[in-house]
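These are my notebook entries on a structure that is new to me. I set down what I looked up, entry by entry.

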Amino acid sequence: MAEAAKKLAEQVPEIEKKAKAAKAESTEALNEAKKALDEAAKQAAEAAENAQQQENKLAEAAKPLEQAAEQLAEAAKKAAEAAEKADVPDEKQAAEAAKQDAEKAAQQAKNLAQQAKGELDRKSTRLNSSHV
């Protein structure tokens, strides 16, 4: 969008030449149009930069979520092992509950990481389509 606005602003001088040749009194309107296009290009460039920063933050947020999911899955595995080795029913029940909770938390962390990546992909797609 920034590039499109910039290219449009670059066309204004040629339009101005033709308008003068036609003795159209459009200089003021064309100057205002050029200013508006320059401002639009500036704002679009800033928005694209902010979107890139947001994209980077989402990508960074996904990494520790993936690590948390792995660690929670490991905790679930250890809880399962403890459940198998438990001598007392209360220990076995507690270990199985810990396993289930850890598995559930691992899946939630994994889902959050995928959601962060999904947000990233959706924003990238939207940004790329606006550059066409």
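In which helix do Lys 35 and Glu 32 lie, and how many residues apart are they? I found both in helix α2 (residues 27-85), three residues apart, about one turn of the helix. Helices here are DSSP runs of H or I with at least four residues, strands are runs of E with at least two, and both are numbered from the N terminus.

Entry on the source. I note that the model is predicted, that local features need pLDDT of at least 70 and side-chain atom pairs pLDDT 80 or more, while totals for chains, interfaces and linings use all residues. Residues are numbered from 1 along each chain as its sequence is written, and side-chain values use heavy atoms, with hydrogens and water left out.

Entry on the chain. I looked up the elements and found three helices and zero strands, in the order α-α-α from the N terminus on. Of the 132 residues in the chain, 21% are buried; buried means under 20% relative accessible area, exposed over 50%, and partly exposed in between, with a 1.4 Å probe and protein chains only. The chain exposes about 9700 Å², and carbon and sulfur atoms supply 52% of that area. Accessible areas come from the Shrake-Rupley method with a 1.4 Å probe, and for residues only the protein chains shown count as cover. I then turned to contacts, which are heavy atoms within 4.5 Å. Among contacts between residues at least 6 apart in sequence, 71% join residues at least 24 apart.

Entry on salt bridges. Side chains of opposite charge can pair when their charged atoms come close. I applied the rule that a side-chain nitrogen of Lys or Arg lies within 4 Å of a carboxyl oxygen of Asp or Glu, and the count came to five salt bridges. One of them joins Lys 35 to Glu 32, with the closest N and O atoms 3.6 Å apart. Lys 35 is exposed at 53% relative accessible area, whereas Glu 32 is partly exposed at 44%.

I next looked up Asp 38, whose side chain meets that of Lys 34 in a salt bridge at 3.3 Å, N to O. Asp 38 and Lys 34 both belong to helix α2 and stand four residues apart, about one turn of the helix. Asp 38 is partly exposed at 37%, and Lys 34 is partly exposed at 30%.

Further along, I recorded a salt bridge between Lys 78 and Glu 74, with 3.6 Å between the closest N and O atoms. What separates Lys 78 and Glu 74 in helix α2? They are separated by about one helical turn because they are four residues apart in that helix. Glu 74 is partly exposed, at 32% relative accessibility.

Entry on helix packing. Helix α1 (residues 2-21) packs with α2 at an angle of about 170°, their axes 8 Å apart. α1 is therefore roughly antiparallel to α2, a term for angles over 145 degrees. I note that axes are lines fitted to C-alpha atoms, for helices over the stretch in contact, and that angles run from 0 to 180 degrees between N-to-C directions. The residues that make the contact include Leu 8, Val 12 and Ile 15 of α1 and Leu 30, Lys 34, Leu 37 and Asp 38 of α2.

Last entry. I looked up Ala 36 in helix α2 and found it partly exposed at 46%. Ala 36 and Ala 5 are 31 residues apart in sequence and 9.2 Å apart in space, C-alpha to C-alpha.

Key. Angles under 35 degrees count as roughly parallel, over 145 as roughly antiparallel, 65 to 115 as roughly perpendicular and the rest as oblique.
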